Amino acid sequence: MTQAVPEKINFPEEEEKILALWKKINAFQTCLKQSKGKPNFTFFDGPPFATGLPHYGHVLAGTVKDIITRWAHQSGFHVERRFGWDCHGLPVEHEIDKTLGITGPEDVMKMGIKNYNDECRKIVMRYSKEWVEIMTRLARWIDFDKDYKTMYPTFMESIWFVFKQLYEKGLVYKGVKVMPFSTSCNTPLSNFEAGLNYKDVCDPAIVVSFPLVDKKGVSMIAWTTTPWTLPSNLSLCVNPDMIYVTVLDKVRKEKFIIMKTRLCELFKEESEYEILEETLGKKLEGLKYVPMFDYFKDQEAKGAFKVLCDRYVTDTSGTGIVQQAPYFGEDDYQVNLRYGIIDKDQEPICPVDDSGKFTAAVSDFKGMYVKDADKGILKMIKDKKRLVKMSQIKHSYPFCWRSDTPLLYKGVNSWFVRVEHARQALLDSNEKTYWVPDFVKEKRFGNWLRDAKDWNISRNRFWGNPIPLWISDDGEEVVCVGSIKELEELTGQKITDIHRENIDHLTIPSNRGKGVLRRISQVFDCWFESGSMPYGQCHYPFENKKDFEENFPADFISEGIDQTRGWFYTLMVLSTSLFGKPPFKNLVCTGMVLAEDGKKMSKRLKNYPDPVEVVNKYGADAIRLYLVNSPVVRAEQLKFKEKGVRDILKDVFLPWYNAYRFLIQNIQIYESEEGKEFKFDEKAELNVTNYMDKWIVSFIQSLVKQVQQEMKDYRLYTVVPALLKFIDQLTNWYVRMNRKRLKGDSTSEDCQQALTTLYSVLFTIVRLLAPFVPYLTELMYQTLKNYLAEVDVKESVHYLMLPVYQQSLINVEIENAVADMQSVIEAGRLIRDQNNLPSKYPLSEVVVIHKEKTALENVLYLESHIKEELNVRKLTISQDKAKYDVTLKATLDFKVVGSRLKSDMQKVKKMVDELPEKDLEKFQETGEITLHGHVINRHEMKLTYVPKSSADEKGSNLKATSWNKFLVLLDTVPSKELVDEGLAREIINRVQKLRKAASLLPTDEINIYYKTTDKIEKVAKDFKDFIWATVKQTMIQGEAPDSANVIIEEETAIKENSLKLVITSPASSVPAPFCKFVNVTYADGRKGTILLENPIKEHQLEYNEFEKQVKLIFGIRSVEIFLDSTKKTKLERDVNLLGLKGRTVYAF
């Protein structure tokens, strides 16, 4: 027999039990075995680093991935899900550098690459155990045993293969480029890495002068926010098409050349200067100036220290004149290259080392970090009398995504993959993909591809996948190695691991008589590795070649919006370069999860709750549903609120659980009273005749149809609201309005139909929601399956396929009719709330007005439900609003609109008061109206219905409101008879609450005694049949007899009238003992009675003796004693046994 479903539930504790069940039956692996041989659904999982614990971004990503892959599995696909780990690169090295106090590459070389990499290996999987535990607890089904790690030799070898393909296509080159550079990590970054972490910073903003050689007394003035680049200045740049002026600065008594539209940078008033001459920028080309510093004076021979022209110079900031240090700015580099001041093959004029410190070339500041040197540089400029203006600017500046330190832009020798030539190919590949939401694909990602730069893939680091290039000393001969086997053949050495310490010493004999070739020192950018994960995870092409090629591109991937310039981008570049096609078909892009205050989540600030604590408090299902029912699945931001997770429990799970509990409880009552077994056959045609049954069946079928279509299009943001709406419809409408039928208050056949309908609906929603809410659906299924035919029973709900909608059961007319009924009921409830009229007290009439006849016919057809829900005696329908003398009244919300309207407030208020009915009706429909030039919306102006006059006596009792085009009027003044009925309902309410407090079931036999005032006693007598119809017990007036077995009692009040209620066990045909006693029922049904004292009220029993007596009565050696048959409340050893007099306890 199915066990009773407990009234209360602790969701996290139940989830732990389900987790144990899944482990016992090996649920995930069993699913994979069951789907073997079915069509493949390919999923790529982006690899995280295990050097830190999972945060809400990981929880979100994992939840979205889990939902989609579970859905695919339950749709009939085989979905291999392998977890991946990012093991190389800056995140790991930065941790080791901090731990060991390493400040630069020389420190690593001192300790040895092997020792350094060994230290990195130790922390790579530092938190892997926690990752597995947390992801498993979150119900993410993914294979950790068959994971991939980017440090596996097989994975690394596939990277070499990918690189060699690019190399052989001519897509790899070495060059000097101005790149974002992390001085903390001593390595250049790619452009997309530089875009991952921008911060607002304050920097010096200075204007400095450059005296012209051939125009004595005249200086060019340039604006810069990087004074530390001035020692490397080689040229100035102007816009050839803009007008420049020579001005006399009347305050400084100096002559300056500045862009005419930028005079505001130097002067506040026109009186401060005099324009002496105007000229186009191109006329300034070639003018020589005096260098600021002499560190690179020798470059003058190559044409340095001249004015150059380029259109990248704008008139939006500064002076319209840019000081150029070619190896510290991309535009600077390109312009100076074009003018021949520098060339590609020369040694870069870049006097800053990898730690961001000046080299000996800038002797005055040697060894000083460049930004720390700003102050000294400014002093020297000031001493030279060339500092024209000094201020500060707050601007957005890129920081290293790993070390969180400012990036510098500097020229570096690096290895690049050509991307710029393939921009159109990348856009074409992107066009073949489907993104949710699509604006990320078209705008953010599309714009990034349109401006894609060649990709710097080399890093001057140690713990990474070595770039497999062996080069001769003169750089003329290069061998690119594409596999371990190839390297073994070229070097004659056996190789098992290809990290730097194992291969850096290996040389390859030259084919051109150049001695030996040695490997370059750089390793791959770790983004190159993650972008290669489709190939690395399956060791392509060395293994699984056929499987990979048949299942590429992936059907689905998902990550956060920050990966548009990260993982999504690198995947797209590599797959397009290798295969000419995208790496994925469908992508769900999520937004960023922020702290509740809107700031970035920070461990230091502790501005967010720990994810593990939230899961332990509310359960994984709650946090999963909260996240996927938020703006974050539309790639928007989410301000994480713990209250939101709690509300999922309160508003969704508890009502849903109660509906499920109510079903099981009433199935058990039905089986007990009818003496027959309840079984559900899904294959049998669902034959429903009751209108509300037809409605909920149609509603669930429409939901299945909608959800299947939306999930096909990966629109989680439309799916979850639809699912939550259905839970509301089921619990707050169907179950509520059919309680009596489900409890068997009608015929046996009607009860069975209602139970079958509710079971069908719950069984459907449990399967439909299983991918979203895996724990709770499993909990429900484990009970629901007991009512299925044995052939249909599976061990887990996750072994079942998703329900398929039946078009024949969808009836849109019925759904619309019930929606109309709900609008009327909601409006009526609102009127009751506004007038403090509890629903227990009946009212005489509700009037429903609507323009459309069909809507009114729907209302009339469902009249009985409306009257019952609103507790009214009469329902009247009408299309004539004028007949009821009501009109619309508009009221401005001054708090909302006051600050915006300001001085126009009174004018707008007067216009609102004078608005005609037709304008108000239009506003009611559109939600917008323009008054005195201000657009007013429905949040700023409220509409209410009010009587036009109080002349009509009946009309004065009517209160009105509107809801979805229905105008509803409620007579709010009840008659005495209706008031008395309301009091009778209050009595019922008190009795039912007391039964619930005593954990009594509807089937428990009880006696109810009451003592009250004359007024309430008369109501109880006048409405005794009405009360009995709900309570199903006779109310006995007077005190309970002393010999009665009191279960619970309470003294309460109804409208200031006292009411005492006492619930007792029914009188037994066997005389009760004279002294105090307890009845004991054993698990096998045997019963006994134990005296708690002797007849003269002495020798009162203690717990130990009581337990001994129980064992003696039933002849058992051990026992557990409970206050209830469901074993929810155990009898504590320190209990006062006399307090249990006359009650029944249960022994097991």
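Which residues is Ser575 in contact with, leaving aside its neighbours within four places in sequence? They are Tyr535, Phe552, Gly580, Lys581, Pro582 and Pro583, where contact means heavy atoms within 4.5 Å. Ser575 belongs to helix H19, residues 567-579. Helices (H or I, at least four residues) and strands (E, at least two) are DSSP runs, numbered from the N terminus. Ser575 has a relative accessible area of 0% and is therefore buried; buried means under 20% relative accessible area, exposed over 50%, and partly exposed in between, with a 1.4 Å probe and protein chains only.

The model is predicted, so that local features need pLDDT of at least 70 and side-chain atom pairs count only at pLDDT 80 or more, whereas totals for chains, interfaces and linings use all residues. Residues are numbered from 1 along each chain as its sequence is written, and side-chain values use heavy atoms, with hydrogens and water left out.

The protein contains 37 helices and 42 strands. Its C-alpha atoms fill a box of roughly 120 × 85 × 65 Å along the principal axes. Of the 1148 residues, 55% are buried. Among contacts between residues at least 6 apart in sequence, 75% join residues at least 24 apart. The protein exposes about 52800 Å², of which carbon and sulfur atoms supply 49%; accessible areas come from the Shrake-Rupley method with a 1.4 Å probe, and for residues only the protein chains shown count as cover.

The place of a charge is taken as NZ of Lys, CZ of Arg, CG of Asp or CD of Glu. On the surface, Asp428, Glu431, Asp438 and Glu442 form a patch of negative charge. Helix H12 (423-431) and helix H13 (438-450) are the elements that give two or more residues to this negative patch. Patches are made of residues with over 30% relative accessible area and no salt bridge, with like charges joined within 9 Å and nonpolar side chains (Val, Leu, Ile, Met, Phe, Trp, Tyr) within 5 Å. Asp428, in helix H12, is partly exposed because its relative accessibility is 39%.

A salt bridge is a side-chain nitrogen of Lys or Arg within 4 Å of a carboxyl oxygen of Asp or Glu, and 72 are counted by this rule. One of them joins Glu869 and Arg736 at 2.6 Å, N to O. This pair links distant parts of the chain, with Glu869 in helix H30 (residues 863-870) and Arg736 in helix H24, 133 residues apart. Glu869 is buried at 9% relative accessibility, and Arg736 is partly exposed at 41%. Another salt bridge, at 3.1 Å (N to O), is formed by Glu1017 and Lys1021. Both residues lie in helix H35 (residues 1014-1022), four residues apart, about one turn of the helix. Glu1017 is buried at 15% relative accessibility, whereas Lys1021 is exposed at 51%. A network of salt bridges links Asp45, Lys65, Arg140 and Glu559.

Helix H24 (residues 716-737) also holds Leu723, which is buried at 1% relative accessibility. Leaving aside neighbours within four places in sequence, Leu723 contacts Leu703, Val707, Ile765, Leu768, Leu769 and Phe772. In helix H7 (residues 128-137), the buried residues are Ser128, Trp131, Ile134, Met135 and Arg137.

Most residues other than glycine have a negative phi, and most peptide bonds are trans. The peptide bond from Val436 to Pro437 is cis, with omega near -5°, and Pro437 sits in the loop between strand E15 (434-436) and H13. A cis bond also runs from Phe552 to Pro553, with omega near 5°; Pro553 is in the loop between helix H18 (545-550) and strand E23 (554-560). Ala635, not a glycine, has a positive phi of about 65°. It lies in the loop between helix H21 (620-628) and strand E26 (638-639) and is buried at 11% relative accessible area. Ser999 has a positive phi of about 55° and is partly exposed at 41% relative accessibility.

Notes. Lys and Arg count as positive and Asp and Glu as negative; His and the chain ends are not counted.
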